[in-house]
Amino acid sequence: MNSEFDVELIDIAPTIANILKITMPEPTGKINSALSNYAQKNKVKKVLVVIVDSLGYSLYNHLEHNMPTLSCLASKGFFYKCKSPATTTTPSIASILTGYYPSEHQINFTKDIIIERKKTLSSLKTKSILEWGHQSGIASSLIIEAEGAKAMEGLIDNAIGIPDSKDILEFDAMTKKLSIKEILRGTTLIVLHLRSIDRYAHRSNTWIDIIKAGKSIDTNVHDLLKHLDSNTLIFICGDHTIHSAEKWLINATENEKTSHIQNNVALIVCSTDEFLNKG
Ligand SMILES: [Zn+2]
């Protein structure tokens with residue numbers, strides 16, 4: 001299903017809250033009723049969110065034939081052109097997890113998670129869906145780079161930090177491995193962050209590396225899917241469009257350039273049942 005109507009990254013948290021019946025004050029993001037109805041139809045009990053760093057909308061379309069698992073999820077479920085509110089990772093992930101714009105949650109660097117929380121105890125715009133879930137008795141885990149995990153320690157069931165690695169494919173593989181452990185523990189809401197495309201976007205000059213990163217992300221998602229329970233809803237989204245764009249947009253079409261400037265990312269949503277059914 002290719003859905004073109006307005007969807008934003010800030011809609012993810014309230015939509016998950018609606019699906020998993022997590023109590024959370026209504027944020028700026030809106031509940032996506034198509035996804036909410038779909039989840040109800042598929043009797044969704046668990047949610048897995050895979051944040052794929054730098055998976056822009058046009059980049060996904062460009063890489064799709066190298067990503068058979070994501071492509072299959074997109075064709076059996078929903079594929080959105082989704083607005084990201086930030087061009088860097090931390091504020092964007094904070095928006096995905098809180099349902100607020102960066103101007104509202106004020107989390108621009110990881111250290112802000114702690115600073116802003118102290119400042120704004122009364123305003124709850126820094127609080128993530130994982131914490132609201134945890135408070136509603138829903139087991140919630142985050143698997144993310146070590147500093148980010150440290151900031152969430154004690155606030156959710158399990159904040160699992162991945163030490164930075166020179167080999168970003170190894171980093172993503174470790175993230176996958178520890179995420180599978182969380183899946184096998186029966187955790188209801190799991191969020192993880194795969195970073196290889198972003199690393200290569202900064203450090204490489206060749207599409208071969210971006211494609212290699214895309215393929216490895218697809219393999220990681222494939223491996224996660226093998227362990228997921230039925231009745232799980234999977235969200236796969238970018239956080240922002242690709243960095244060092246001057247290298248990557250040289251042969252881009254006008255549409256691709258526009259999508260990059262608009263900071264549109266890919267959002268794929270599918271239930272495990274729909275993924276396994278219908279061949
Ligand atoms: Zn990023």
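The second largest cavity has a volume of about 40 Å³. A cavity here is a set of points on a 1 Å grid over the protein atoms alone, where a 1.4 Å probe fits but cannot get out. Volume is the space filled by probe spheres set on the points, which are joined across faces, edges and corners. The model is predicted: local features need pLDDT of at least 70, side-chain atom pairs count only at pLDDT 80 or more, and totals for chains, interfaces and linings use all residues. Residues are numbered from 1 along each chain as its sequence is written, and side-chain values use heavy atoms, without hydrogens and water.

Lining residues have an atom within 4 Å of a point. For the second largest cavity they include Asp 11, Asn 32, Phe 235 and Leu 267. Strand β1 (2-8) and helix α1 (12-20) each supply at least two; both are DSSP runs (helices H or I, at least four residues; strands E, at least two), numbered from the N terminus.

The whole structure holds two cavities of 30 Å³ or more. In the largest, Lys 46, Ile 183 and Asp 229 are among the lining residues. Strand β2 (residues 46-52) gives the largest share of that lining, three residues.

| Cavity | Volume |
|---|---|
| Largest | about 60 Å³ |

Over residues 175-272 the chain is 53% helix and 21% strand. The end C-alpha atoms lie 20 Å apart.

Notes
On a 1 Å grid over the protein atoms alone, a cavity is a set of points where a 1.4 Å probe fits but cannot get out, and a pocket is an open set with protein on both sides within 12 Å along at least five of seven lines; lining residues have an atom within 4 Å of a point.
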